[in-house]
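Let's take a walk through this one, starting with its charged side-chain pairs and then stepping back to the chain as a whole.

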Amino acid sequence: MKKTLLLTFCMFALSIVTFAQDFSVSAEVESRYVWRGQPLGGSVPSFHPSMSFEYKGLEVGAWGAYSFSKNPSQELDLYVSYTFWKEMFTVIVTDYCFPGESYETRYFNYHNATTPHVFEAGVSFNGTEKVPIGVSLYTNFFGADAKKANGKNLFSTYAEVSYNPSIEKIGVDFSVFCGAALNGQSYIIGEDEFLGFYGNKGFSVVNVGVSASKSFSIKDKVEIPLTTKLIFNPAANQAYLSVGAGIKL
């Protein structure tokens with residue numbers, strides 16, 4: 001618990017150190033929030049505010065999601081990342097949190113068995129202009145991860161490969177991606193069946209699709225991004241089409 005509290009404190013401390021550097025805020029409304037093939041927040045639109053600080057490849061930020069429903073779900077994520085070697089590689093640690101009103105889901109509950117937090121470490125190859133191919137790998141290492149039959153964390157791991165070309169003539173960035181949950185298992189406790197973190201049983205392809213995005217600038221100070229995504233989850237036999245628009249300062 002002390003270690004996770006220290007990690008959260010360090011994220012905020014780094015944000016204070018970098019405050020005088022490159023600071024940005026943004027807000028987006030998305031018709032449906034789908035993350036790595038998982039529909040989060042139900043089948044309703046979702047509001048996503050964010051803020052970040054950047055300095056020489058180091059970025060510290062916060063990102064949120066709030067669904068427009070009668071029983072809204074919320075998410076608050078903190079992250080620290082570092083991009084290096086001509087911006088080709090990025091390492092990142094993220095604290096995903098789904099806080100609620102009950103004792104178990106209160107924000108500062110860092111007990112591994114009941115916490116609403118999931119800590120994840122990741123590394124990615126971002127590609128180059130000539131080779132716009134991305135490869136990334138992420139692993140949960142603490143918190144509300146899927147559990148093994150003995151109750152210990154599964155260390156759920158997700159990998160993704162993407163092709164990310166840009167067409168400068170029309171100013172559109174495309175991405176064709178394929179992501180998979182590398183591990184997972186199902187087990188039964190009483191009458192309840194528990195699946196992997198990504199709703200999977202063992203290795204499963206959970207996130208296949210294409211996205212297109214275009215940004216409009218106002219006096220080079222305000223950016224208005226538009227994004228649409230077509231997503232398939234073969235493991236869950238589901239498909240999603242979403243569109244999002246926002247503003248970035």
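Searching the whole structure, which is a predicted model, turns up 2 salt bridges.

Start with E30 and K229, whose side chains come together in a salt bridge at 3.9 Å, N to O. Trace the chain between them and you'll see that they sit in distant parts of it: E30 belongs to strand β1 (residues 22-30), K229 to strand β16 (residues 222-233), and the two are 199 residues apart. How buried or exposed are these partners? E30 has a relative accessible area of 7%, and because buried means under 20%, E30 is buried. K229, at 27% relative accessibility, counts as partly exposed, since that class runs between the 20% and 50% cut-offs.

Now look at the other pair. R36 and E120 form their salt bridge through their side chains at 2.8 Å, N to O. R36 lies in the loop between β2 (34-35) and β3 (38-39), while E120 is in strand β8 (residues 117-125), so this pair ties together parts that are 84 residues apart in sequence. Here both R36 and E120 are buried.

Time to zoom out. The protein chain carries 17 strands and 1 helix. Of its 249 residues, 37% are buried. What about contacts across the sequence? Take those between residues at least 6 apart in the protein chain: 46% of them join residues at least 24 apart.

Terms used:
Residues numbered from 1 in each chain as written. Predicted model: local features only at pLDDT ≥ 70, side-chain atom pairs only at ≥ 80, totals over all residues. Heavy atoms only, no water. Salt bridge = Lys/Arg side-chain N within 4 Å of Asp/Glu carboxyl O. Helix = DSSP H or I, 4+ residues; strand = E, 2+ residues; numbered from the N terminus. Buried < 20%, exposed > 50% of the residue type's maximum accessible area, 1.4 Å probe, protein only. Contact = heavy atoms within 4.5 Å.
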